Every structure is written in structure tokens, then in C-alpha cells.
Amino acid sequence: MTGDTNVGRQETAAPAIELRGISKAFGSVQANKDISIKVARGTIHGIIGENGAGKSTLMSILYGFYRADAGEILIHGRPTQIPDSQAAIRAGIGMVFQHFKLVNTFTVLENVILGAEDGPLLRPSLSKARKVLQDLARDYELDVDPDALVEDLSVGHQQRVEILKALYRQADILILDEPTGVLTPDEADHLFRILRGLKDQGKTIIIITHKLREIMEITDTVSVMRRGQMTATVKTAETSPEQLAELMVGRKVLLDVAKTPATPGRTILEVKGLRVRDEHGVERVKGIDLHIRAGEILGIAGVAGNGQSELIEVLGGIMKGSGTVLLNGEPLDLSGRASDAESRREKGVAHVPEDRQHLGMILDFTAWENLAFGYQGDPAYHRNAILMDNDAMMQEALGKMERFDVRPPIPTLQGKSFSGGNQQKIILAREIERNPDLLLVGQPTRGVDIGAIEFIHKRIVELRDAGKAVLLVSVELDEIMSLSDRIAVMFDGRIMGERDPDQTNERELGLLMAGVDNETAA
Amino acid sequence: MDYATLLQILDSTLRLATPLLLACLAGLYSERSGIFDIGLEGKMLAAAMATGAVAFYSGNVWVGALAGIGASLVFAVVHGLASITFRGNQLISGVALNFVASGITVLIAQAMFGQGGRTPPLDGAARFNPITLPFADALGTVPVLGPLYREVISGHTALVYVALAAVPLTWWVLYRTRYGLRLRAVGENPASVDTAGVSVARLRYSAVAITGILCGLAGAYMAAGLQAGFGREMTAGRGYIALAALIFANWLPWRALAATLLFGFLQALALRPDVIERTLQISIPVPALDALPYVLTIIVLFGFVGKPQPPRAGGEPYVKER
């Protein structure tokens, strides 16, 4: 169509995907700037970069969600227009989004045929899909019960449904956006086996991730994006995590947390027989015992949804529960009038919630307001009994933003104007500078850039070294293993076991996260 | 209560349930696609007025019904534009359209006929006339079932049978066709439909159009079946009752039939205070009986009757995002 004289010659060894000079701007933000890559057929190609580096925009252009302002897409050497998702599917591209696009109330089969039905009636499509799924399950370890409702499936199985959807549409190029974010290590291993199988069948796979370890493990080549530009494309075998991190951030990054061994003191928090029910009356925490001493970080590992959120929210006074919780030897009110966040703060419990944009801050409010929330009763913030002292709050906000390296350090900006990492720094500054006895921190680095992760981890370790107790909840095993002094693994509302981070490994923790206890099984 | 009286009440039940059933199924299509429609009432009212006026001039009830469907579709398209294209608040759009319909129907009827906002009485071919089903008289002599067939099943106007047929048809469309699969999907998770390469907006517009057609039939039945002409606010909250029935029915077609029959039964009872007095041996004031369907509506909306599971994406405009 373009009259490119080389088209004929390229056909033989044409890359599965070639992008030439792709650019895309949203208003004044240049999300993609003159991006060109080639992905060879039958390879696994990784794309890494910090949040906002433009990876997702680029893949959305490939899947027809956005149209590029400039540039060309070639699929198997042929210039291809991708104005919508239908066109992407026709071009043989399948996409597995980070947040699955499944209908929870449908069966697996219904989800697979949706949009790819063979005719106006469902019956023929359903029986055809049933057969195709059987074949795919056999060929690629993609077993899922075709008649199960999606909402009853585990996250790992739901992801398989997404892959099956793409394969059912005969995709030969598969794009996966942050595919392991919600998986246990075991499930991730299984996914990688599936992907290798697909690769062996000649499929081309693109993985977007921020996890360097996965890039090193599964990809053949890797491209690094920074600020909308493709900064490098290298063979995975010829690079290292350190080099990739440096390429992503643009400076040297310390991947491991530097910390000295803990010197635990007296017990700060003691939890006995804690139980929590959610608003539907389902028991989420089913009797937990744990303790944290001064100068110690206890990490709670587990797949999301196994009661960690409820645990941290009860301790933070957001949910109600039953059992005994002692803070500095004094019982906390778990279900009565003093079981709220304000009473907890008065007792020296600071809380950096998991869902930072809903519970941690008000996005439409300014940074200086967000830096005072939860402590607005502090006399230092008040001129007299009625009026607040905005000047004092503003002064304090400036200092906190400087000490926590919040960028840009402008207190009058709205919360939503800051990146995820800087939002988290605002919340950490607010909670840590109150000098709490116990810091509850949930998913401290979810959606946070590598550079900011380093800073946040350093601050948490500093608090520990100052003799405070820290309860860390995270679904990132790497984070749990590098920050914690002790690790407790939660599964189905219970603590499956406690391990010393120096004497365990991902494999063992992964089994515990999946509810398998080696010690009792052996 | 004797058998003849029971049959009379059941006969009224079916007649009174018909507009509710049509409106309830109308709402089902829209809400299953993720567009809440509180404006069933307004669409019925507009359709009733258009049917009354056009049936009067043309002398043909079917021409009138077509006009009613047209009027209802205009309202449906406006609601679609507001909720789908412009991503507005669906409740506000629906309420606004109800107000518009309430005013504009009386205004137009008054301007056209000058009879205090009514349309002139319809008769003959300008009304829906009862259809006697085959063998109704012959089978009428069979004990028990015969009279049931003759008095309750037979002898209704065409739209009653259309409404009844719409129930299995809707079930079949929802669960056996490609369109139904996509319709249910778009109301649960529009992103799943979008990423499968199907247009969310087109699907939702089609559902809203079906809602318009069914509301048009409901309004036409009000003006030319149940009554003989349009009168101000003649729908009397039936659009809201249909919404309550839809929630009661948990957005399922067969349960919609059951729910609207229940509401129709209560309305039929209100027409026969004498029967209640004889059966229960107490005298209930007529206004209290009239209020029964509305009281049940409130009870349903309070959620006393099981936990409803509305389409999960209902009420939210779809914004493409990753």
C-alpha cells in the first residue's frame, strides 16, 4: 500500500512487529516520542520502564485503544492500520490486560466467545469453543473448567482465560501487561511455562513489566523506556538487572535495601486471637496471633485477598474485629467507641493504608491539606478554638515535602497532580514525622517508581532503627524479603507460618502463600 | 369468593399487568446494557398521548401505536444521547425526561383538541379490541379449565398477547443469541466487550431503542387498550412500578412476568373492594387499596425482598481506559 520497495524482500524474515517512529501526545504531555522497535517472530520481548514512561500507551496504540499521532506499524512486514481493537484482533494481536477484561458472571466459555461468535445463535459457537479449549488446554497447560463462572476462579486461572480468549481469536502476537503482579510465585512459574510453550509454537510474545527478575528469566530481548522514549534495546543474555535499572531511571540505583541486623527491644504490639468479619459477614481474619517488638519490621506476605488488608485495617481502626490487641501492654478497643482511626493515632499508631488514593489522601485536596489529615485536631494547627492556622500548616508542609523529597515541592498542588510515588511520600511524611510507636504500612511501593522505592524503603528502615515497630503488608515478595526482619505468611485469614528472611526462599514462601505447609506436610 | 369472581379478578389482573410487563421488559433491556432508565414513565406517557391523537385522526389503532412507538423512541434517543454519547448522569436525564413528558403531553393534547389536555374518546377500529381465541366458546363448557380459558386467557386485546409472548422471546434473546450475550456483557463489564472489538455505544443504543419500542407499546396499550384515549398523567406511576418490579425480578425475564402479575393483581383487587370485604369480613377504604401497589413498590425498593443483583456496570458511563 505504501509502495515500499523493500516489502517483497522483507516478507521472508520480517519481524512479527515493527514500529517506526511512533509518537503520541496527550495535550502537552509527550507520552511516546519517535519510538522504533522490531520484535522478531517466535521470541519473547520485554518492555520495561517506570510508571509513566509510556509503555502502556505504546501497547494501547498496538491494540487500537489510541491512535498514534505519527509513525507506522508493520505486522509481519505489512504496514497495518489499527484504528480499533477489532482491527488489532484481525491483525493477529491479542492482549492480556493488567486488569482483566472478563465478565465475572459469565462462564469461561461465554467469556471466550464474546465478540468472536460464529453466528447470531450461541449454541454452535459454544460447542466449537469447547472443543478448541480442550485442544489448547492439552497443548499449552492452559487447563480451565470451561463451565466455571469466572468469579469463582482464582486470579491465575482468570489470567489463563484471558490468554485463551486471545488464542481462540487466533492471535499469533500476544501482549501481556504486568502479568505477574497478582500471581503467586507458583502461578507465575506456570505462566512462564505456558509462555515458553507458546513461543515454541512460533507465537511472538511481548511482556510489559517492572520486575527485572522476570525480564531476566523469561525474555530473549528487552527494550527500556524512559520518559516516552525508547532508551535501549538489548539481548537479555547480554545485560544485567543493575544495568537495566540504571537505564530505566537514568542513574545508578541500589536494588537491595541496605540495612543492619535488627536489635529488637520490648514488645510494642501483641495480637491474640484476632478475628475480623467483612461487611457481608464473611470471616476474613480467622484467629491471628502475632507480636512486633521495638526496632523490628514484621512483614506479612500473601496473595492479595487473604486477610492482610483486614488485619491492617483493624489495627488502624478502620474496621472492627474481635480478639485481643495490646499496644505497649494496653488493650486497644477493637469494636467499641474508641475503635476508630483517630483514637489509634492518639495512641501512637500511624497507618499508611494500602489503598492510598482512597484511604490515604483526598486527591482533590492540596498537598498541605493532605499532609495534615488525620491530625487536624493538633493544637499546633489551630490559631484558636475555631480558626485553623493555615500558615503554620503550610510552613510545616514545606518542611515535610523537602525532607521527604516530594517532587514538585509545591504544597498548593492538588494530591492528584503528584505521581504515585510522590503521593506515597506525602502520606509517609505525614505519618512517619508524627514519630509513632507502631507504623502500619500497606503496599508501600505499589505503583511507585524504582527511584522512589529506594527512598521509601530507606525511610521505613530508618524508623525501625529509631526503635519503632513496623508492620509491613505487601504482595511483592521481593519487598517483603528485603525489608522484613521476620516474615509471616497469611493464607485464608490465618498465619501459615513465620520465617526468617535469611533462612527462607521464594519457593518456600510461595508454597505457604498457596496454603501448603511443608513442615506439617512432611 | 366464588369461582366466577376469581376469574373476573384474574382477568383484570392480566389486563392491568400488561402495561407493567411491557414497561418492565423495556427497562430490562436498557438496564441489562448498563443504562439505568428511570424515564419509563415519561416514555409511556408520550406514547400514550401520540397513540391517542394519531389513532383518533387515522381511525386505525395500529397507526396510532406506531406513532406511540415513534414518540417513545424520541425520548429514548435523547436519553441515549445524554447517557451514552455525552456520559451524563442517567438518573438526572431520566427524571428530566419524565418532567418534559408530563408537561408536553398535556400541552400538545390541549393545543390539538382543546379538551383540557385529553385526547378525544376512541372507539371502533381506533381502539384495541378483544380477540376471542379459537374454541373459547366450545371449550367454555369444560369444567374448571373451560371457564378459565374463556374468561381469563381468551378475550384480551392483541398487546396483552404480545406482552406475554415477549417474555419467552426476551429470555431466548438474552440467553441463546449473540446479541443477548453481548447485551449482558456490556451491562456487567463494558471493557470486556470493548476489548473484544465490539462497540459499546452501538450495543447500548440498540438496547435503549428496544426500551423505546416496548415503552411505546405500553403507552399505546394504556391509551387505546386499557382506556379509550389519553388523559393527563394517565400512566399514574406505572413506569416506576415497572422499575420496582424489575428490581423484584432481579432483571430476569420470567421473574419480571411474575412480579408484574403480582402488581397487576393488587391493582385488580383495588377495583373490587366488595370482594375483599366479603372475603376478609372487614371493610378497607378504597384509597388504601389503591395505595397497595405503591406500598409494595416501596417495600421492594427498600430491599426487603431479597438482595437484588443489578448489572454491575449499571448507571456508569463507559470511559475507555486501560
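Helices here are DSSP runs of type H or I with at least four residues, and strands are E runs of at least two, both numbered from the N terminus. With that convention, chain B of this predicted model reads along its sequence as α-α-α-α-α-α-α-α-α-α-α-α-α-α, a pattern that corresponds to 14 helices and 0 strands. The radius of gyration of chain B is 20 Å, close to the 20 Å that the globule rule gives for 322 residues, so chain B is as compact as a globular protein of that length.

As for the confidence of the prediction, chain B averages a pLDDT of 93, with 98% of the residues scoring at least 70.

Chain A is described here through its domains. The domain assignment divides chain A into domain 1, covering 7-249, and domain 2, covering 267-521, and the centres of these two domains, taken over C-alpha atoms, are separated by 34 Å. Between them, 10 residues of domain 1 are in contact with 14 residues of domain 2, where contact requires C-beta atoms, placed from the backbone, to lie within 7 Å. On the side of domain 1 that touches domain 2, the elements giving two or more residues are helix H7 (185-200) and helix H9 (241-249) of chain A, and H9(A) provides the largest share with 3 residues. By class, the residues on this side of domain 1 divide into 5 nonpolar, 3 polar and 2 charged.

The remaining contact to follow is the one between the two chains, to which chain A contributes 23 residues and chain B contributes 18 residues. On the side of chain A that touches chain B, helix H2 (55-62) and helix H3 (85-90) of chain A each supply at least two residues, and the largest share, 3 residues, comes from H3(A). The composition of that side of chain A is 12 nonpolar, 7 polar and 4 charged residues. For the complex, the predictor gives an ipTM of 0.91 together with a pTM of 0.80.

Definitions and conventions. Residues are numbered from 1 along each chain as its sequence is written. Chains are lettered from A and ligands numbered from 1 in the order in which they are written. This is a predicted model: local features need pLDDT of at least 70, side-chain atom pairs count only at pLDDT 80 or more; totals for chains, interfaces and linings use all residues. Domain bounds come from an automatic or database domain assignment. Ala, Val, Leu, Ile, Met, Phe, Trp, Tyr, Cys and Pro count as nonpolar, Asp, Glu, Lys and Arg as charged, and the others, Gly among them, as polar. pLDDT is the predictor's confidence in each residue, from 0 to 100. The radius of gyration is taken over C-alpha atoms; the globule rule is 2.2 Å times the number of residues to the power 0.38.
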